[in-house]
Amino acid sequence: RYTETRMGVEQVIRDAFSSARDYKKSWDTYNKDAKLQRTKVPPRRDLELDAMVEIMEGMRVVHAHSYRQDEILMLTRIAEDFGFTMATFQHVLEGYKVADRLKEHGANASTFSDWWAYKYEVIDAIPYNGALMTDVGVNVSFNSDSNELARRMNTEAAKGVKYGNLSEEEALKLVTINPAKQLNIDQWVGSLEVGKDADFV
């Protein structure tokens, strides 16, 4: 039922966006033609394709779960072929290999601080990943899948100082303003400014 190769995964995604593009075209044609509206039934509404059209029109952002450089490159190419920008790559543990591509595309990166080698997909992960992407100019944040570790992201941020020699200020940004920017909520949280939510302890 589903593909078992990365090449097949790419084709499934491309097919879905191609269907969304055709769907949008059929609606645009129908909405522009008054005679058509009087004589024909409108195109069938498809909520999944509506969401994909919103992605292509920049009304809906995409955060993609990814580990490997080939996945990251593939998704940036698909996005550009269909006219949108990937918002944030999550985990992005081989991001250091393609940091210049992430920067060029305009994508953010939300990675683990120092988790690696717990499954084959992350065999090339390194603890310098966050700092290397930051040095290239990618907006980087640290995240955690663990609710226990997520309560102490300040100590995770400090690993950016240990691995990669980030300044303390840059390291703190990994868990404050940078993720707020990735989620488009930096007007309310992420830094100490007048008018923002006071949630810094």
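What share of the contacts in the chain with a separation of 6 or more comes from residues 24 or more positions apart? The share is 59%, where contact means heavy atoms within 4.5 Å. The model is predicted: local features need pLDDT of at least 70, side-chain atom pairs count only at pLDDT 80 or more, and totals for chains, interfaces and linings use all residues. Residues are numbered from 1 along each chain as its sequence is written, and side-chain values use heavy atoms, with hydrogens and water left out.

The C-alpha atoms of the chain fill a box of roughly 70 × 45 × 30 Å along the principal axes. The chain has 201 residues, and 40% of them are buried. Buried means under 20% relative accessible area, exposed means over 50%, and partly exposed lies in between, for a 1.4 Å probe and protein chains only. Nine helices and four strands are present. Both kinds of element are DSSP runs, numbered from the N terminus: helices are H or I with at least four residues, strands E with at least two. Read from the N terminus, the order is α-α-α-β-α-β-α-β-α-β-α-α-α.

The four strands form an open sheet. Their order is S1-S2-S3-S4, and the pairing is parallel. Two strands count as paired if DSSP finds at least two bridges between them. Strands of a sheet pair through backbone hydrogen bonds, either parallel or antiparallel. S1 and S4 (140–142) are the edge strands, each with a single partner, so one side of each has no neighbour in the sheet. From one strand to the next, the twist averages 20°. Angles run from 0 to 180 degrees between N-to-C directions, and axes are lines fitted to C-alpha atoms, for helices over the stretch in contact.

S1 spans residues 63–66, and its side chains alternate. Ala64 and Ser66 point to one face and are buried. S1 runs parallel to S2 (residues 88–91), and four bridges join the two strands. Between S1 and S2, the chain passes through helix H4 (residues 69–81) in a right-handed β-α-β crossover. Right-handed means that, with the strands pointing away from the viewer, the path from the first strand over the helix to the second runs clockwise.

Individual partners can be followed along S2. Histidine 63 has threonine 88 as its bridge partner. Alanine 64 is partnered by phenylalanine 89. Serine 66 stands opposite histidine 91. Histidine 91, in strand S2, has a positive phi of about 75° although it is not a glycine. Its relative accessibility is 6%, so histidine 91 counts as buried.

S2 also pairs with S3 (residues 108–111), in the parallel sense and over four bridges. Here the partner of glutamine 90 is serine 110 in S3. With helix H5 (residues 99–105), S2 and S3 make a right-handed β-α-β unit.

Helix packing was examined for H1 and H3. Helix H1 covers residues 6–32 and helix H3 residues 47–56. They pack at an angle of about 90°, with axes 9 Å apart. H1 and H3 are therefore roughly perpendicular to each other. On the scale used, angles under 35 degrees are roughly parallel, over 145 roughly antiparallel, 65 to 115 roughly perpendicular, and the rest oblique. H1 contributes Ala16, Phe17, Ser19, Ala20, Arg21, Tyr23 and Lys24 to the contact. H3 contributes Leu49, Asp50, Met52, Val53, Ile55 and Met56. By class, nine residues of the contact are nonpolar, one is polar and three are charged. Nonpolar covers Ala, Val, Leu, Ile, Met, Phe, Trp, Tyr, Cys and Pro; charged covers Asp, Glu, Lys and Arg; the others, Gly among them, are polar.

Seven of the 10 residues of H3 are buried, so H3 is largely enclosed by the rest of the structure. The buried residues are Leu49, Asp50, Ala51, Met52, Val53, Ile55 and Met56. H1 is included in what covers them.

A further positive phi occurs at asparagine 184, near 60°, in a residue other than glycine. Asparagine 184 lies in the segment after helix H9 (177–182). Its relative accessible area is 47%, so asparagine 184 is partly exposed.
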